[in-house]
Amino acid sequence: MQRIFRGVRRLETCIFACVLLLFAAVASSFTPMRPAIRLLRQKRTALGSVRGPRPLSPTAAFSRHCNLLIHQRSPAFPLHHHTSASISDIMAVDENNNGTAHYTPYEQWVRRLYQTNLFHPVKLGLKNMEELHKLLGRPMDKLTVIHIAGTNGKGSVALKIAKTLEMAGLKVGLFCSPHVSSFRERMQVNGRLISEEQVIEYLPRIYELCRKYDIPATFFEITTALAFLFYDEEHVDVVVLETGLGGRLDATNVIRHPALSIITSIGLEHTRILGDTIELIALEKGGIIKEDCPVLVGPNVPHNVLRECAEKKRAKAYYTCEDVLGESPSIIADYDKENARIAAAAIHLLDEFDVPEEIIEKGTRERPPCRFEIRMLDDDGLTVILDVAHNPDAMKYLVRKLQTTHPNDKFRVVVGMSSDKDLAKCGQSILEAVHDNAESIHVVQAAHPRAATIEAITEAEPRLNGCHFDTNDRSIAKQVHDAMRLAKDNGEILVVCGSVFLMSEAREAIGIDEPRDSKYIAEVAGSGVRSGQENFGNTDPGPDFEQSK
């Protein structure tokens with residue numbers, strides 16, 4: 001029966017791919033495809049790696065070219081495919097090396113990962129992840145886990161907790177998403193990223209489990225399984241685990257007994273998936289609360305909803321920061337201080353670790369990249385602030401922080417956003433930062449399916465039509481370089497903010513040297529993230545809905 005089932009699914013894929021090819025052909029009038037077909041005829045390469053992804057056939061490569069065309073024409077177009085029938089896309093042709101393969105095994109495997117589930121809709125549920133976790137030996141059940149969800153702040157709180165415990169002498173695994181410049185940022189131990197060698201050792205093992213047991217795992221589920229295997233092999237003492245999306249049905253929520261669950265904040269986000277009210281979103285985030293486990297919540301949450309959720313789930317205790325640290329002496333207007341306070345309260349609640357106050361104070365001062373990260377460019381005498389404020393609440397926080405920390409300075413802003421955010425409200429906040437002077441704003445569009453187009457941003461907030469943008473050259477680097485020049489000439493501070501998807505190119509443009517995935521990986525990075533984490537073909541939770549409660 002399984003063979004018949006797989007055969008039917010492959011037939012579905014073939015039919016869907018044919019329709020897709022026809023659509024792309026009509027849309028592009030065939031012309032852009034001719035170079036790809038010519039290239040396929042001239043140079044075809046097969047990789048020597050026994051365990052690596054398979055090289056493309058001309059048909060598969062032609063299909064990929066169509067996929068990329070459609071992404072370029074319509075970033076919102078959803079693409080999927082099944083794990084065991086993935087389009088590997090490892091046609092590594094070097095124009096200057098007689099067709100010799102030159103892409104590394106790491107590039108090949110991560111590129112394959114990003115293209116997972118390109119042709120199959122993703123169903124909500126924990127079944128895939130439960131199966132994978134079980135087949136891996138349920139490694140996370142053996143570890144101390146701090147599980148963190150929230151609309152804003154969860155990445156910062158996760159890093160602060162991880163750094164504090166590391167300073168206390170523990171071996172700490174950290175799982176966070178999305179990454180800024182390299183996929184390997186998502187999983188690390190004591191600040192050391194998973195190595196490329198470990199990725200190419202562990203990923204094939206997970207794909208083989210998916211193939212053998214017919215598990216149609218998504219990008220994020222495979223990434224989460226990779227992290228679990230990594231922490232198990234590293235023999236860590238504790239794992240700080242950040243959810244990817246929501247909480248209740250997030251792949252990380254296979255954790256049965258966390259030492260502490262944390263919900264940092266609740267705001268309107270991903271409303272198509274999580275719900276269109278604060279209360280509904282709170283219930284989704286509250287899905288990480290477990291029986292007989294304590295939960296800590298930040299100040300900006302609907303306490304009545306989460307407290308009731310904790311009671312129904314028979315949580316061990318429900319804590320606020322005030323319950324643990326006492327009343328704050330003043331209203332906290334700085335989101336980093338708020339995150340530091342949540343992290344400090346969390347450390348105090350971890351009974352098995354006795355961390356000195358001076359280490360807590362030092363560790364909670366740490367910041368992740370692009371969270372009001374200040375860079376001084378010595379060669380240019382320019383100050384650059386990078387921040388992934390990506391929704392209206394975060395944008396308001398950013399503007400407030402800029403005004404309080406640099407009250408006498410002028411700002412020049414480079415901003416790009418994701419299409420699923422409230423673009424009008426985000427645009428209003430950015431205009432407030434520059435006192436409604438649109439000439440001080442540069443709007444960009446990241447090369448990612450979820451990125452908002454320049455046209456969509458300016459349409460949502462018409463005053464942005466007076467800002468800098470170029471619809472003929474949408475490269476982030478161009479606008480960053482222009483903004484750097486103007487900021488230096490005008491004595492302004494340059495602020496690069498918005499979606500995390502623009503940060504890698506922006507950081508490279510200002511000269512930051514750090515691990516960064518190649519363009520070969522980057523050109524498909526958007527497809528897997530979208531389909532694997534947020535682009536659900538069926539929003540009916542199905543039978544796993546009740547099981548995951």
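**Briefing: cysteines, a histidine and a helix pair**

A search through the whole structure turns up 0 disulfides, a disulfide being a pair of cysteine sulfur atoms within 2.5 Å. This is a predicted model, where local features need pLDDT of at least 70 and side-chain atom pairs count only at pLDDT 80 or more, while totals for chains, interfaces and linings use all residues. Residues are numbered from 1 along each chain as its sequence is written, and side-chain values use heavy atoms, with hydrogens and water left out.

**The chain overall**

- The protein chain comes to 21 helices and 15 strands; these are DSSP runs numbered from the N terminus, helices being H or I of at least four residues and strands E of at least two.
- Of its 549 residues, 59% count as buried (under 20% relative accessible area, with exposed over 50% and partly exposed in between, using a 1.4 Å probe and protein chains only).
- Take the contacts (heavy atoms within 4.5 Å) between residues at least 6 apart in sequence: 76% of them join residues at least 24 apart.

**Cysteines**

- The sulfur of Cys497 has its closest cysteine sulfur in Cys426, 9.0 Å away, which is too far for a bond.
- Cys497 is buried, at 0% relative accessible area.
- Cys370 is buried too, with a relative accessible area of 0%.

**Around His179**

- His179 sits in the loop between β3 (172-175) and β4 (187-189).
- Setting aside neighbours within four places in sequence, His179 touches Tyr114, Glu185, Arg186, Val500 and Asp517.

**Helices α10 and α11**

- The axes of α10 (residues 278-285) and α11 (residues 303-312) come within 9 Å and cross at roughly 35 degrees; axes are lines fitted to C-alpha atoms over the stretch in contact, with angles from 0 to 180 degrees between N-to-C directions.
- Glu279, Ala282 and Leu283 of α10 meet Val305, Leu306 and Cys309 of α11.
- Those contact residues split into 5 nonpolar, no polar and 1 charged (Ala, Val, Leu, Ile, Met, Phe, Trp, Tyr, Cys and Pro count as nonpolar, Asp, Glu, Lys and Arg as charged, and the others, Gly among them, as polar).
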